[in-house]
Amino acid sequence: MTAALVAGAGLPTIATAQAESIAPKRLGSAPVVPKGAVKTAAPADSTQLDLSVTLQPKDQAALSTFVGAVSNPSSPLYKHYLNTGEFGQRFGADPATVASVRAALTAAGLHPGEVGANGLTIPVRATVAEAKKAFSTDFAGYKLADGSAAYANTQAPAVRGDLAGKIAGVVGLDTTATYKPHSVVKPKATFSAAVNGSEQARNIGASPALCSTWKNIMTGAGYTDGTDYYSSGELAKAYELNGLADGASGSTVAVLSLENYDSNAVSAYQSCNGTKASVSNIPVGSFVPGAPNVDAGEGGETALDVETIASLAPGSSILVYQGANTGQGVIDTYQKIVNDNRAKVVSISWGRCEAERDSGREATMNVILQQAAAQGQSVLAASGDAGSTDCRGSGLGNDTLLNTDSPASQPYATGVGGTSHSGLGAVSAGSISVWNNGYGFGGGGGGVDTRWALNDADFAWNKNKATEYSNLCGAVSGQTCRQVPDVSALADPDHGYLVFTDVSNGSVHGAVIGGTSGAAPLWAALIADANASTACAANGPLGYLNPALHALAGNTSVFNDVTSGTNDVASVGHYSAASGYDLASGLGSPKGKSMIAALCKALPSQPAGTFNPVSPSRVLDTRNGTGAPTGKVASRGTLPLQVTGRGGVPASNVTSVVLNVTVTGANGAGYLTAWPSGKAQPDSSNLNWTAGRDVPNLVTVPVGADGKVNLFNGSWNTSVDLVADVFGYYSADSNGSTLTPAGPTRLLDTRNGTGLPGNVAAKLGSKQTMSLAIPGSGVTAVVLNTTVTKTNDPGYLTVFPSGQAKPASSNLNWVKGQTVPNLVIVPVGADGKVSFYNNAASPIDLLADVFGYFTTDASGGKFHNAGPKRLMDTRSGLGAPAPAALGNSQIVHLSLNDGGALSGATSVVLNVTVTGTTAAGYLNAWPGYTTRPLSSNLNWDAPGQTIANLVTVPVQNGAVDLAVNTSAHVIVDLFGYYSAN
């Protein structure tokens with residue numbers, strides 16, 4: 001007997017179950033040779049192959065159940081996605097299977113590498129001769145229609161019978177299986193203009209708008225915006241995505257690209273349209289970046305994808321994953337996007353007739369997309385440009401074969417079909433039809449899938465059969481064939497997308513482009529906008545979209561129901577648009593803001609919290625082992641902190657906790673991030689520090705299901721000690737206090753006597769306590785921004801309820817000469833006062849500004865967790881007039897008009913950071929469009945400092961205002977808000 005992967009010919013016959021178990025089995029089928037390919041000499045035996053063997057998950061049933069649970073609003077696991085790297089641990093093949101397959105590959109003369117991060121993919125090196133023997137297949141050479149050389153295996157790969165059920169697919173044996181871009185250029189619609197870099201990026205809250213140069217070019221050519229093409233601004237209006245306050249800030253979108261493109265053209269487009277999305281290229285595998293062959297049509301597809309996303313999600317980050325357009329290259333690119341897990345939205349405008357794809361490759365793709373769903377990644381895929389007969393013109397030789405396009409037909413992808421419409425303003429159902437130009441293009445590749453029979457129990461969203469449904473996949477009772485598309489959007493090139501394709505000889509060249517390649521990134525931008533919205537950001541990204549989208553079927557407040565047109569482009573009679581879901585337009589096209597609101601409302605509502613103050617109590621001190629083992633938190637390390645059941649916080653019914661966190665003993669710069677246990681770590685920070693400084697900050701952080709919060713040391717090379725004191729918590733019941741916004745008003749300033757007896761200036765002495773009367777009745781706690789200055793010695797300040805014993809906690813910590821601010825939420829004593837204790841060896845000056853009062857009045861504001869979500873960053877221009885530091889006394893009106901939750905906010909909880917400071921100074925935050933107060937929220941005492949502070953500021957006129965008294969960059973992250981309900 002042999003240990004080879006294949007049970008080869010000539011082996012002795014052994015009448016045992018073992019002999020039967022190793023009898024070879026072929027996986028899938030041989031690749032379909034593309035139309036127009038001419039057979040040539042077979043590849044040389046010495047030709048090197050880069051292959052991959054993808055294994056089946058160790059428990060497919062458990063994986064399917066998990067994906068269903070994290071996508072089901074009624075499940076306790078809803079939105080509890082896997083973190084990067086977890087998939088392999090949870091669902092990767094078991095080590096014994098990996099070892100047995102690797103051993104068999106090696107014994108068969110192949111050269112397997114180590115299993116990949118997903119725990120399923122084994123890279124394999126081999127020559128053609130080695131692959132022939134190992135997989136029992138010959139190879140043939142071809143000259144493709146474009147003149148390029150390719151090769152393909154002539155039979156499906158055969159593997160040992162006892163391993164066949166453990167292998168999803170073998171990829172890389174052929175190079176003929178290229179993908180096609182799903183874009184169509186409008187005939188005679190190419191334009192050019194001189195490069196003009198004078199256009200300025202606009203605030204994200206403003207809609208993009210085509211620059212005057214290109215407006216004039218298009219008008220001069222006889223093209224009308226909204227009729228002959230759509231500019232960025234008109235496209236945003238058409239889909240009701242204009243004027244979003246956040247513009248998808250914080251969202252990252254991955255674009256799958258199988259070509260080179262001209263990044264200078266994308267930059268010119270953004271300059272002309274006033275957008276400023278960050279665009280980065282990520283080469284995958286053997287892909288070599290270079291200039292696109294524009295004459296051959298290269299680059300236009302990727303430019304269409306990137307520019308559409310930049311238009312409709314201008315605050316997003318776009319990652320262009322560029323892979324080789326080969327069977328292995330495509331799979332490698334998908335796997336890289338999913339393994340990286342950097343982007344929660346994936347846009348795919350490349351595909352191929354599914355019948356041309358062997359089952360091994362499709363099974364491999366299915367596993368990759370299941371991983372994406374488990375990690376909360378939304379995959380939007382163009383469903384093709386050949387209507388119901390997606391294989392038309394393929395190597396199958398049957399132009400009337402009913403077939404769909406892969407990967408749009410994959411169950412864990414959202415297939416995006418094509419529509420046609422024209423006119424300015426929002427799209428309406430009466431003006432929209434299925435895209436079909438009558439000349440062989442259109443329809444969006446819709447229809448009944450022939451491969452995937454989905455279990456109704458696992459894919460309930462798919463079992464609402466379209467009127468023209470037929471059982472093409474051979475589904476049995478309890479199953480329904482996959483139906484495509486899921487949704488649709490503009491694809492008609494006669495009313496298409498204006499795209500800048502390349503820059504050469506000092507000119508920018510553009511074209512009007514259509515195809516479902518435009519519809520897919522349009523939907524990707526919409527989902528990026530949704531993920532960044534306040535309602536969605538509180539719970540995590542939307543993830544696997546199909547269940548949520550199909551749950552909205554027939555909802556005309558969020559969908560334009562397409563009832564006109566067909567996707568028949570080959571005279572076979574399928575399929576027609578109809579009321580509700582259909583196989584030509586899916587559920588319909590989106591009404592942007594309403595769709596975002598509906599998708600985010602599908603999330604479990606965040607209960608409004610009332611505040612419960614507690615006597616300040618220390619719950620963490622790594623210097624002495626309080627709340628955690630003694631010892632500093634290592635750089636890039638995370639400390640889980642139990643907060644419920646400690647320091648006056650109850651063991652249950654706690655939604656968020658208010659902690660004063662201090663970093664001490666830092667020998668280098670860094671930052672701290674606090675977030676709820678069990679959730680993905682956000683990109684935001686709560687504290688920023690430099691070497692030698694003790695830095696405190698108040699943190700309001702949601703509590704995980706296990707009663708813990710996580711504290712992350714973001715320094716790359718510095719371990720630190722952490723100290724945390726609890727000052728209160730929020731609960732979902734109505735027994736606590738609500739917030740009444742106030743001020744900001746200065747209640748205390750020892751420098752001039754404000755708040756002191758007789759208004760006589762007097763410093764707070766060493767080891768002394770000072771009390772401050774808090775105005776109002778029934779006040780249970782007060783929100784104060786407290787600042788210590790004129791410090792001649794290191795020390796700390798403790799703020800606590802008057803009449804109570806001084807707790808072993810601190811609110812502010814400082815070194816000699818330092819001016820330190822910090823927000824304090826402190827209970828008010830029975831006498832209506834709060835007390836301040838100075839631990840330093842010398843007197844200090846003390847300032848306190850009030851921003852709100854907690855009372856038992858039920859009409860006050862209740863707290864809602866939100867974010868963390870970046871609202872402003874002057875370094876990039878997010879939420880600011882332009883990418884530039886704020887100047888002296890320059891006021892920025894930060895709009896909170898998100899069209900949703902924040903529109904009713906009475907106060908917002910913001911973490912405000914200043915950096916790039918040019919001199920000592922301070923920052924104010926106050927209600928929008930009102931007079932700038934004398935209070936301060938952040939203070940810094942030297943140039944070059946980075947300082948952060950939590951701010952609770954009242955909202956007026958839908959905004960808050962910010963200003964500095966010197967020059968500095970300002971970063972604002974939202975952490976929550978108060979509203980009356």
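Asp941 and Arg693 meet through their side chains in a salt bridge of 3.6 Å, N to O, where a salt bridge is taken as a side-chain nitrogen of Lys or Arg within 4 Å of a carboxyl oxygen of Asp or Glu. Asp941 counts as partly exposed because its relative accessibility is 24%; buried means under 20% relative accessible area, exposed over 50%, and partly exposed in between, with a 1.4 Å probe and protein chains only. The strand and helix names are DSSP runs numbered from the N terminus, with helices (H or I) of at least four residues and strands (E) of at least two.

Before I go on, please keep in mind that this is a predicted model, in which local features need pLDDT of at least 70, side-chain atom pairs count only at pLDDT 80 or more, and totals for chains, interfaces and linings use all residues. Residues are numbered from 1 along each chain as its sequence is written, and side-chain values use heavy atoms, with hydrogens and water left out.

The structure holds 20 salt bridges, and I will show a few others. Arg746 and Asp849 meet at 2.7 Å, N to O, and because Arg746 lies in strand S37 and Asp849 in strand S44, this pair ties together parts that are 103 residues apart in sequence. Arg746 is partly exposed, at 21% relative accessibility, whereas Asp849 is buried, with a relative accessible area of 0%. Arg352 and Glu356 form a salt bridge of 3.3 Å, N to O, and both of these residues are buried.

What order do the strands take in the sheet that contains S37 and S44? The order is S37-S44-S39-S42, in an open sheet of 4 strands with antiparallel pairing, and two strands are said to pair if DSSP finds at least two bridges between them. Strand S37 (738–749) and strand S42 (820–827) stand at the edges with a single partner strand each, so one side of each has no neighbour in the sheet. From one strand to the next the twist averages 20°, based on axes that are lines fitted to C-alpha atoms, for helices over the stretch in contact, with angles from 0 to 180 degrees between N-to-C directions. S37 pairs with strand S44 (residues 845–855) in the antiparallel sense over 8 bridges, and Leu739 stands opposite Phe854 in S44.

Another open sheet of 4 strands has the order S29-S36-S31-S34, again with antiparallel pairing. Its edge strands are strand S29 (610–621) and S34, each pairing on one side only, and its twist averages 20° from one strand to the next. S29 is joined to strand S36 (residues 721–731) by 8 bridges, and the two run antiparallel. Within S36, Asp725 is the bridge partner of Arg618, and Arg618 and Asp725 also belong, with Asp621 and Arg623, to a network of salt bridges.

Turning to aromatic rings, those of Phe, Tyr and Trp (its six-membered ring) pair if their centres lie within 6.5 Å, with planes under 30 degrees apart counted as stacked, over 60 as edge-to-face and the rest as tilted. By this rule the count comes to 16 aromatic pairs. Phe66 and Phe91 form a tilted pair, 5.8 Å centre to centre and 50° between the planes, which links helix H2 (residues 60–70), where Phe66 lies, to helix H3 (residues 86–91), where Phe91 lies, 25 residues apart. Phe66 is buried at 6% relative accessible area, and Phe91 is buried at 4%. Phe139 and Tyr151, by contrast, are edge-to-face, at 6.4 Å centre to centre and 65° between the planes, and both are buried. Ring pairs also link Phe611, Tyr730, Phe854, Phe863 and Tyr978 into a cluster.

Which residue lies over the face of Phe66? Arg90 does, at 4.9 Å from the ring centre, the rule being that NZ of Lys or CZ of Arg is within 6 Å of the ring centre and within 35 degrees of the ring normal. In a further case, the charged end of Arg636 sits over the ring of Trp716, 3.7 Å from its centre.
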